[in-house]
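Please open the structure in your viewer and keep the selection tool at hand. Each stop below names what to select and then describes what is found there.

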Amino acid sequence: MKMPVLRREFLKTGGALIIGFSLRDVGSAQSPARGTKAGPPDAKQIDTWLAIHADNTATVYLGFVELGQGNSTALPQIAAEELDLAMNQVSTVRIDTNVTPNQGGTYSSASIARGGPQVRTAAAEARAALLEIASKKLKAPVERLTVQKGIVSVMGSPERHVSYGELVGDKPFNLAFTGKAPVKETANYELVGVSIPRRDTPDKVTGKYVYMQHARVEGMLHGRVVRPRGQGAYGAGAKVLALDEDSIRNIGGARVVRKGDFLGVVAEHEWDAIRAAQQLKVTWDSNPTLPGNDGLYDKMRAGETQDKVVLQKGDVAAGLEKGPHVVSFHCRAPYQAHAPFGPNCALADVKADSAVVMSSTQDVYGTRNTLARLLGLAVDKVRVQYYEGSGTYGHSCYDDVAQASAVMSQLAGKPVRLQFMRWDELGWDNFGPAHVGEVRAAADANGKIIAYEYEGWHHNWSNVETTSQLTGVPAAEWPTAAAQQVNPLACGGMYNIPNIRLVNHKVNGLEYLKAAWLRSPLDLSFSFTSEQAIDQLAYLAGVDPHEFRQRNILDARWQGVLDAVAQAAKWTPRRAASNLSDAKVVTGRGIGLGTHLQSWGAAVAEIEVNKETGKIRAKHMYGAIDAGLVVNPGNVESQIMGQMVQTVSRMLLEEVKFSKSAVTSLDWASYPILRFEECPEITPVVVQRLDQKSSGAGEEAMAAAAGAMANAFFDATGVRMREFPMTPERVLAALRG
């Protein structure tokens with residue numbers, strides 16, 4: 001497939017992007033003012049969403065960023081479908097607060113779910129307007145017009161035609177976006193629902209793709225932050241007790257920049273900045289403020305909490321009392337890191353009255369607001385441009401590095417390119433929170449779940465980046481308590497249970513590590529606990545795990561993914577742990593259900609366990625997702641594969657280690673992730689539902705996969721794991737216990 005030349009594409013030279021910072025027009029042919037003033041542009045105008053050009057092509061303006069999930073292909077796919085254009089006639093531009101609309105942050109698997117309807121209805125409204133203009137030009141009623149690749153012709157008289165470009169090329173629509181124009185029937189789709197190859201793949205494969213780390217500007221300095229090697233308790237921050245700036249005097253051109261306890265070094269040459277950051281003599285306050293790994297779960301379980309009943313229905317106590325099969329199960333889950341392959345990077349040019357910041361933020365408008373406060377500038381004087389970094393699927397350090405580069409540029413009086421080091425990224429990440437889960441459940445003699453109770457202990461997300469905190473902004477958790485709480489969808493929500501109670505116990509996050517959303521936030525922890533309890537009920541009832549879930553399934557959507565994944569895995573009914581063996585290496589299979597926010601996920605895991613070494617190897621993972629109308633099934637299959645790989649890594653290897661003073665997982669040796677040779681075979685299954693609205697597909701099968709892996713271990717060994725990652729040491733201890 002020939003890839004289209006993207007409009008307004010920036011100059012690419014030798015793997016580096018050379019840009020002159022400017023607030024000048026980015027060159028939109030449709031509106032001379034576009035790019036010259038701060039956005040967001042008016043969302044109630046069609047011109048904000050798309051432009052038709054004289055060469056019969058279109059530019060679609062998107063607010064959702066490309067993270068590797070493929071939305072830079074799927075969203076234009078939606079627009080091309082509604083406009084009756086070919087894919088090579090539709091292009092996009094860089095996400096930019098002076099150019100593109102504000103569609104909110106790119107998280108919660110929302111690009112297609114939230115962004116798709118906006119793009120679809122805007123394109124439909126533009127098409128309707130184009131047909132009205134064509135009707136007058138061709139002197140034929142709209143009902144007699146047909147469109148193919150942007151050429152409008154009269155039915156029965158193909159010689160009477162006109163192109164979109166001839167109708168409005170490079171002129172504004174000046175049309176209100178009402179959202180009332182009819183959209184295509186799904187039966188008429190030609191592009192949506194097709195696995196069109198991703199647009200970003202060729203350049204990524206050939207090394208031509210420009211990532212954030214490649215960006216450069218004239219006259220810039222290179223920067224590095226200087227922090228303790230690993231964070232302590234979030235509320236404690238980091239305090240500078242003594243600083244010797246003369247300690248880097250031998251590195252010509254290197255100098256210290258400081259604001260409060262925020263420290264950095266800048267230099268003309270990057271290696272000089274790296275050396276200066278390592279050589280600078282700083283004495284930090286290192287009081288022990290953490291419980292350490294050994295004391296983490298006891299502190300969470302025993303400490304003061306803010307309690308909330310998330311869901312209550314029926315009489316759980318009565319159900320637990322009368323059920324012939326009762327399970328009481330508790331599990332523990334660690335902090336886990338985003339750990340992008342390439343540490344985060346940003347480039348900022350801050351002047352007295354303006355700022356331009358290039359970063360990998362997933363919310364350019366939210367980042368702009370924070371930067372404005374931090375720099376003391378009006379919001380409309382700050383411009384944020386998105387450049388893809390190494391994907392993190394969550395809130396890693398991309399906002400922290402953007403803030404740090406901006407502060408350093410303001411202090412240095414020059415543009416500053418700031419690259420985090422590996423120990424900065426791992427030591428000061430916004431980790432996925434640790435969790436303690438307790439579940440009690442009961443089933444009747446017929447294998448029907450009659451009662452379910454889940455209690456979870458964890459803390460909320462951190463609301464202040466390290467850079468802001470070190471400059472003097474007090475640490476704070478997210479103000480909304482519900483931002484991170486026991487998830488009804490992942491905790492029993494897929495089953496028809498008459499008596500259910502979910503309780504959230506929020507611990508004080510200031511006493512623990514920084515935290516933020518990590519792909520499928522906390523749902524792996526929930527499902528590791530919950531789906532093992534469900535599986536144990538099936539075991540006690542003497543019922544096959546798949547059949548037990550079928551008996552208790554909530555609705556057709558859950559039934560659909562459950563059966564789809566079982567069929568893909570060629571599941572044969574039998575009671576779990578019924579084929580136990582004395583062999584050194586044993587095999588097992590497990591099944592699980594789960595989701596994050598808005599879709600339906602199921603998984604089957606096939607694993608082997610070496611009972612002498614304790615090592616688990618995932619042999620084959622099957623993942624199924626029902627995300628409603630799937631615009632690009634190939635994208636979703638890739639997403640499922642990525643979810644399975646990441647889940648296996650997190651369930652077997654990933655755990656943030658920390659002492660009472662600081663995080664100690666600072667490299668790939670102390671924070672290992674899955675290697676290529678350890679990756680399982682993966683079978684992705686997309687349950688397509690053209691008659692349903694699109695939902696999310698970026699993280700919706702991970703919880704199911706976590707539960708499936710835990711259940712596969714039980715099937716192989718007859719033993720339940722109560723903590724992950726399921727490391728060899730923990731496996732051997734469980735087998736002995």
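The tour begins with the domains and then turns to selected side chains.

The model is predicted, so local features need pLDDT of at least 70 and side-chain atom pairs count only at pLDDT 80 or more, while totals for chains, interfaces and linings use all residues. Residues are numbered from 1 along each chain as its sequence is written, and side-chain values use heavy atoms, with hydrogens and water left out.

**Stop 1: the domains**

Colour the protein chain by domain: domain 1 covers 22-197, domain 2 covers 215-287 + 338-427, and domain 3 covers 293-336 + 431-736. These bounds come from an automatic or database domain assignment.

Now display domain 1 and domain 3 together. Their C-alpha centres lie 40 Å apart. Their contact (heavy atoms within 4.5 Å) takes 22 residues from domain 1 and 20 residues from domain 3. The area buried between domain 1 and domain 3 is about 1,300 Å², and carbon and sulfur atoms give 53% of that area. Buried area is the accessible area (1.4 Å probe) that two parts lose on being put together, summed over both.

How many residue pairs are in polar contact between domain 1 and domain 3? The count is ten, with both residues at pLDDT 80 or more. A polar contact is a pair of N or O atoms within 3.5 Å; within protein, one must be able to donate a hydrogen and the other to accept it, and residues adjacent in sequence count only if both atoms are side-chain atoms.

Next, select helix H1 (71-83) and helix H2 (111-138), the elements that give two or more residues to the side of domain 1 that touches domain 3. Helices (H or I, at least four residues) and strands (E, at least two) are DSSP runs, numbered from the N terminus. The largest share of that side of domain 1, four residues, comes from H1. The residues of the side of domain 1 that touches domain 3 divide into eleven nonpolar, ten polar and one charged. Here Ala, Val, Leu, Ile, Met, Phe, Trp, Tyr, Cys and Pro count as nonpolar, Asp, Glu, Lys and Arg as charged, and the others, Gly among them, as polar.

**Stop 2: salt bridges**

Side chains of opposite charge can pair when their charged atoms come close. A salt bridge is a side-chain nitrogen of Lys or Arg within 4 Å of a carboxyl oxygen of Asp or Glu. By this rule the count comes to 34 salt bridges, whereas the count between domain 1 and domain 3 is zero.

Select glutamate 723 and arginine 332, whose side chains meet in a salt bridge (2.9 Å, N to O). Glutamate 723 lies in the loop between helix H16 (702-717) and helix H17 (728-736) and arginine 332 in strand S16 (residues 325-333), so the pair ties together parts that are 391 residues apart in sequence. Glutamate 723 is buried, with a relative accessible area of 13%, and arginine 332 is partly exposed, at 31%. Buried means under 20% relative accessible area, exposed over 50%, and partly exposed in between (1.4 Å probe, protein chains only).

Move on to aspartate 535 and arginine 549, which form a salt bridge with their closest N and O atoms 3.0 Å apart. Aspartate 535 lies in helix H12 (residues 523-541) and arginine 549 in helix H13 (residues 545-552), so this pair ties together parts 14 residues apart in sequence. Are these two residues buried or exposed? Both aspartate 535 and arginine 549 are buried.

Then select Arg301, Glu438, Arg440, Glu453, Glu455 and Arg501, which are linked in a network of salt bridges.

**Stop 3: glutamate 270**

Select glutamate 270, found in helix H5 (residues 270-279). Glutamate 270 is partly exposed, with a relative accessible area of 25%. Which residues does glutamate 270 touch, not counting residues up to four places away in sequence? They are His222, Arg224, Arg417 and Gln419. The side chain of glutamate 270 makes a polar contact with the side chain of arginine 224 at 2.7 Å. Glutamate 270 and histidine 222 are 48 residues apart in sequence and 5.2 Å apart in space, C-alpha to C-alpha.

**Stop 4: arginine 617**

Finally, select arginine 617 in strand S26. The side chain of arginine 617 reaches the backbone oxygen of glutamate 677 at 2.7 Å.
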